[in-house]
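Please find below a short note for a colleague who is looking at this structure for the first time. The points are numbered so that each can be read beside the sequence and the coordinates.

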Amino acid sequence: MRWDRFFEDLEDQLDSEWEAERAALDTEAERLRLARLSLFERLSALTDSVEGPLLVELSSGAAVTGVPIAVGPDWLAVDDGAARGALLVPLAAVVALGPSHADVLRSARGGTTSRLRERMTLGFVLRDLARRRVPVTLHTVDGREHSGTIDRAASDHLDLALHDRGAPRRADLVTGHRLVLFSALAGVRLESPAALT
């Protein structure tokens, strides 16, 4: 009888050690998964389903609150309720994000990303806006604003034809031109409710 109890105790001890080892492995696997998680994947999870508004603090000192509607590897589009259109924010201009606690936890699981979406860089989106002649207002990290239409988007900068907000891009209404570096952008406000993607 004593030996039966002895072996049961050994089995219980072995089961406990295996459970502890399995828990340690699960914890380590979760740490490794989180170490590989990118902001792009977290933002993709938020664009798939978000519970509350997202606060986006920008390097210009400004902040915007809205619903993330699209994301790329180096940009985020936010619907902040403006009648004009969405705000396209380069991730390089983001200082911090303020999601709800539920959204923090949801985004830590990561979202589904497509290969196509991973290749949709800021330059790609700006070239599409230029192609569609969508009027925009550029917000720069130093607090300046430039309204007009993007004529071209190169690898690291864009050409903007300046004209009044709400006016079409016609040669007689263009008041000047600006070459603006992508690194200087804090946001690109679409001046029409045109879809980004």
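This is a predicted model: local features need pLDDT of at least 70, side-chain atom pairs count only at pLDDT 80 or more; totals for chains, interfaces and linings use all residues.

1. Apart from its neighbours within four places in sequence, glutamate 191 is in contact with Arg84, Pro135, Val136, Thr137 and Arg165.

2. Is glutamate 191 buried or exposed? Its relative accessible area is 14%, and because buried means under 20% relative accessible area, glutamate 191 counts as buried.

3. Arginine 133 lies in the loop between α5 (122–132) and β6, and its backbone deserves a careful look, as its phi is near 60°, a positive value in a residue other than glycine. Arginine 133 is partly exposed, with a relative accessible area of 36%, whereas glutamate 191 is buried.

4. The largest pocket holds about 180 Å³ of space, and its lining is made up of 15 residues, among which Leu58, Ser60, Ala62, Leu87 and His139 lie nearest the centre of the pocket. By kind, the residues of this lining divide into six nonpolar, five polar and four charged.

5. Which strands each supply at least two residues of the lining of the largest pocket? These are β2 (63–72), β6 (135–140) and β10, and of the elements that contribute, β10 gives the most to the lining, with three residues.

6. Turning to the chain as a whole, the protein chain contains five helices and 10 strands, and of its 197 residues 36% count as buried. Among the contacts between residues at least 6 apart in sequence, 59% join residues that are at least 24 apart. The protein chain exposes about 11,500 Å², and carbon and sulfur atoms supply 54% of that area.

Note on methods: Residues are numbered from 1 along each chain as its sequence is written. Side-chain values use heavy atoms; hydrogens and water are left out. Helices (H or I, at least four residues) and strands (E, at least two) are DSSP runs, numbered from the N terminus. Buried means under 20% relative accessible area, exposed over 50%, partly exposed in between (1.4 Å probe, protein chains only). Contact means heavy atoms within 4.5 Å. Accessible areas come from the Shrake-Rupley method with a 1.4 Å probe; for residues, only the protein chains shown count as cover. On a 1 Å grid over the protein atoms alone, a cavity is a set of points where a 1.4 Å probe fits but cannot get out, and a pocket is an open set with protein on both sides within 12 Å along at least five of seven lines; lining residues have an atom within 4 Å of a point. Grid points are joined across faces, edges and corners, and a volume is the space filled by probe spheres set on the points. Ala, Val, Leu, Ile, Met, Phe, Trp, Tyr, Cys and Pro count as nonpolar, Asp, Glu, Lys and Arg as charged, and the others, Gly among them, as polar.
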